[in-house]
Amino acid sequence: MSYFPNVAKIQYEGTKTKNPFAFRHYNPEEVVAGKTMKEHLRFAVAYWHTMTQDGSDPFGNPTNQRTWFGATEMETARNRVEAFFEILEKLGAEYFCFHDVDIAPEGDSLEEFYQNLDEITDLIKEHMDRTGIKLLWNTANMFSHPRYVNGAASTNNADVFAYAAAQVKKGLDISKKLGGENYVFWGGREGYETLLNTDMGFEQDNIARLFKMAIAYGEKIGHKPQFLLEPKPKEPSKHQYDFDAATTLQFIQKYGLEGDFKLNLEANHATLAGHTFEHEIEVARINHALGSLDANQGDVLLGWDTDEFPTNVYDVTLAMYGVLENGGIAPGGINFDSKVRRSSFEMEDLFLAHIAGMDTFARGLKAAAKLKEDRFFDDLKEKRYASFHEGIGEKIISDQEDLESLTEYALGLKDIKVESSHIEYVKSCLNDYLV
Ligand code: XUL
Ligand code: CO
């Protein structure tokens, strides 16, 4: 049975096509900068936004029309797996991501949740074996259930910490069963509502404690996914400890987790933190911690996490430039942590939205590859820092100078000539790569 009888496998048809169910830019086998597009992009579909998001918002009821609801929660869960793999196969997306609660109902007890997860992951594994589609990452949802009202690893309640640990253990067992390449922690409730009652140092020590338990358990079961921490400054918590890439790296370094953890960076989380996506990617890259990307975009006029499908070619080009500079994103990927708008409620909108995102990343990749080939940024930066490649500059960066020797040099200077950056010209030239 098909959930999308009117949608065939999405093919690349080029920009002239009028077929909405076709790629106009993403041509999976096309070689760009030495690799096929699909090798560069490693697209993943997110289970939560695609299969469980219902289109409700704080003011309105669900709008999404979905045909996978069955007589019981487990029947719905099984139907979702079938529909999900139909989407993945037809899109040609080779990876997927999920939270534990996305794929199976929690039931009335932890045992029941474990049983439900076992049954559904058996089914998922069958589809993975049949199609060759792979698990980019899974994670434990430790933020939706009321028990996590005061945090999961950062909770004040030791029983809640234990429950969170049990969810992480199961998450790693599932990761091993399905060959997950990464394992994500996003601390939706790991932060505070008010500092008046919060012991920040204690809470952060406990978060690190849970991560160390996860590393130790992975070693014990012989499964070592790349662990990823996903920064976000706020929402749902008023302040989240993993505020942005820099703050999260400081945490990783403080607790000596560099060998096991990298970052999963999300575009809309970057903008919520007051950064661009390319800023976050650059912070991670220069610290050898660029792990994976959650692809989406915010709305410049709204101050919350709208998780829109990425369609901004400018931003995506700069993000993909960072990925190319990093030598690629593997074992991470490009996960569409994006949801259809409330008014895009038809089943087939799930395809149109992913096609839009995939085409945008294909355009971004191509533009970024051309920028790299032309040494657009390389030449710009080489010229900008030229004074450090000769004379006194070269001596400074080879650590041959000190305050006294530089003072002597500075006293001999008659005229310091600084140059204009011609930023408007640079931006105008950059535009030529985007169309
Ligand atoms: C929330 C968010 C999450 C994480 C995984 O803003 O991005 O979906 O990606 O928990
Ligand atoms: Co995310």
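A: What follows is a short tour, one topic at a time.

Q: What kind of model is it, and how are residues and chains numbered?
A: This is a predicted model, where local features need pLDDT of at least 70, side-chain atom pairs count only at pLDDT 80 or more, and totals for chains, interfaces and linings use all residues. Residues are numbered from 1 along each chain as its sequence is written, chains are lettered from A and ligands numbered from 1 in the order in which they are written, and side-chain values use heavy atoms, with hydrogens and water left out.

Q: Which residues does the UniProt annotation "active site" cover?
A: His99 and Asp102, according to an unreviewed UniProt entry. UniProt positions are given in the numbering used here, feature names are shortened, and annotations may be inferred rather than shown by experiment.

Q: Where is His99?
A: His99 is in strand β6, residues 95-99. Helices (H or I, at least four residues) and strands (E, at least two) are DSSP runs, numbered from the N terminus.

Q: Is His99 buried or exposed?
A: His99 is buried, because its relative accessible area is 9%. Buried means under 20% relative accessible area, exposed over 50%, and partly exposed in between, with a 1.4 Å probe and protein chains only.

Q: What does His99 touch?
A: Not counting residues up to four places away in sequence, His99 touches Trp48, Thr139, Asn141 and Phe143. Contact means heavy atoms within 4.5 Å.

Q: And where does Asp102 lie?
A: Asp102 lies in helix α4, residues 100-103. Its relative accessible area is 7%, so Asp102 is buried. Leaving out residues up to four places away in sequence, Asp102 touches Tyr47, Trp48 and Thr52.

Q: What does the side chain of Asp102 reach?
A: The backbone nitrogen of His99, at 2.6 Å.

Q: Switching topic. Which residues coordinate the cobalt ion (ligand 2)?
A: Glu230 (OE), Glu266 (OE), Asp294 (OD) and Asp337 (OD) coordinate the cobalt ion (ligand 2), at 1.9 to 2.1 Å. Donors are N, O and S atoms within 2.8 Å of the metal (3.2 Å for Na, K and Ca); water is not among the atoms, so sites may look incomplete.

Q: What is the spacing of those donors along the chain?
A: The donors of the cobalt ion (ligand 2) follow E-x35-E-x27-D-x42-D. Glu266 and Asp337 link distant parts of the chain, 71 residues apart. Glu266 is in strand β12 (residues 261-266), and Asp337 is in the loop between β14 (334-336) and α12 (349-373). Both Glu266 and Asp337 are buried.

Q: Is Asp307 buried or exposed?
A: Asp307 counts as buried, because its relative accessibility is 7%. Asp307 lies in the loop between β13 and α11.

Q: What is Asp307 in contact with?
A: Leaving aside neighbours within four places in sequence, its contacts include Glu266, Asp337, His49 and Arg341. The side chain of Asp307 also makes a polar contact with the side chain of Asn296, at 2.9 Å. A polar contact is a pair of N or O atoms within 3.5 Å; within protein, one must be able to donate a hydrogen and the other to accept it, and residues adjacent in sequence count only if both atoms are side-chain atoms.

Q: Now the backbone. Which peptide bonds are cis?
A: Two to look at. The bond from Glu235 to Pro236 is cis, with omega near 5°. The bond from Ala330 to Pro331 is cis, with omega near 5°. Pro236 is in the loop between β10 (226-229) and β11 (239-240). Pro331 lies in the loop between α11 (313-325) and β14.

Q: What is phi of Glu235?
A: Near 70°, a positive value in a residue other than glycine. Glu235 is partly exposed, because its relative accessible area is 31%.

Q: And phi of His288?
A: Near 55°, a positive value in a residue other than glycine. His288 is in the loop between α10 (277-286) and β13 (290-295). With a relative accessible area of 68%, His288 is exposed.

Q: Last one: how is the protein divided?
A: Into domain 1 (11-374) and domain 2 (377-432). Domain bounds come from an automatic or database domain assignment. Taken over C-alpha atoms, 41 Å separate the centres of domain 1 and domain 2. Their contact takes 6 residues from domain 1 and 6 residues from domain 2.
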